[in-house]
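Dear colleague,

I am passing on the structure we spoke about, and below it you will find my notes on what turned up. Please read them with the model open beside you.

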Amino acid sequence: MTDRFSRTELLIGNEALERLKAARVAIFGVGGVGGYAAEALARSGVGAIDLIDDDKICITNINRQIYALSSTVGKHKTDVAAERIKDINPDCKVTTYKIFYLPETADEIDFTHYDYIIDAVDTVTAKLLIAENAESANVPVISAMGAGNKLDPTAFKVADIYKTSGCPLARVMRAECKKRGIKGFKAVYSEEKAIRPPTGAVISCKHHCVCPAGTVRKCTARRDIPASISFVPSVAGLIMAAEVVKDLIKGDNK
């Protein structure tokens, strides 16, 4: 019978589609990268998606985040994402956590429930914690490295974190993962040299924060506010989703 995933089934077959329907994927960070990853997983037929993010949609997100619209500014990203995913596939089980994943909130997420984990957060502390807990639970994780301050979407590559090069964030992650004895995981990274925004720019959120009321992590508290554009983080997110889908239908997540 023809349905919303008939075209997908024509491409990958019924058995692979059933594997996707049976899979549960966690997405940490539902912003420019994670939002597009969630969109692609929902449209691929993944049966259960958990969304972990404490942030609200800001007007400055509209240039690059799929859930950011004039009508959604001020709403929780996880709520907007969940509503859209359910509109794409009413059968998808969506679970939301309005938390920033750190040691003090880590107990709220049980990694053993997942078949795959997407790390699309932007802090090293959270990334390392995700990698450690995913390895302990024997669940595969794919991690996004730096997508800010980049202009070339064709420069992204996929490799084990220990085989990455040219990305400053990946360099830090390699060193920290080695210290912790983390074996390795897939990373999406770019060797493109970052374009540094002008220091003290009057339009920077660092100095003129417009975060919605109730936002926990204000821009003024962040060390740096990266520049961004629509077609770079979106491509990184789609690449991550593609890797997850390919591994799930091959059974490489086991």
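Is Asp79 buried, partly exposed or exposed? Asp79 is partly exposed, at a relative accessible area of 34%, where buried means under 20% relative accessible area, exposed means over 50%, and partly exposed lies in between (1.4 Å probe, protein chains only).

Please keep in mind that this is a predicted model, in which local features need pLDDT of at least 70 and side-chain atom pairs count only at pLDDT 80 or more, while totals for chains, interfaces and linings use all residues. Residues are numbered from 1 along each chain as its sequence is written, and side-chain values use heavy atoms, with hydrogens and water left out.

Salt bridges

The count comes to 15 salt bridges, each being a side-chain nitrogen of Lys or Arg within 4 Å of a carboxyl oxygen of Asp or Glu. In one of these, the side chains of Asp79 and Lys98 meet at 2.8 Å, N to O. Asp79 lies in helix H4 and Lys98 in the loop between strand E3 (93–97) and E4, so the pair ties together parts that are 19 residues apart in sequence; helices (H or I, at least four residues) and strands (E, at least two) are DSSP runs, numbered from the N terminus. Lys98 counts as partly exposed, at 39% relative accessibility.

Arg43 forms a salt bridge with Glu39, with the closest N and O atoms 2.7 Å apart, and both residues lie in helix H3, 4 residues apart, or about one turn of the helix. Within this pair, Arg43 is partly exposed at 46%, whereas Glu39 is buried at 7%. Arg180 and Glu176 also meet in a salt bridge, at 2.6 Å from N to O, and a network of salt bridges links Glu132, Glu176, Lys179 and Arg180.

Asn138 is exposed, with a relative accessible area of 67%, whereas Asn149 is buried, at 6%.
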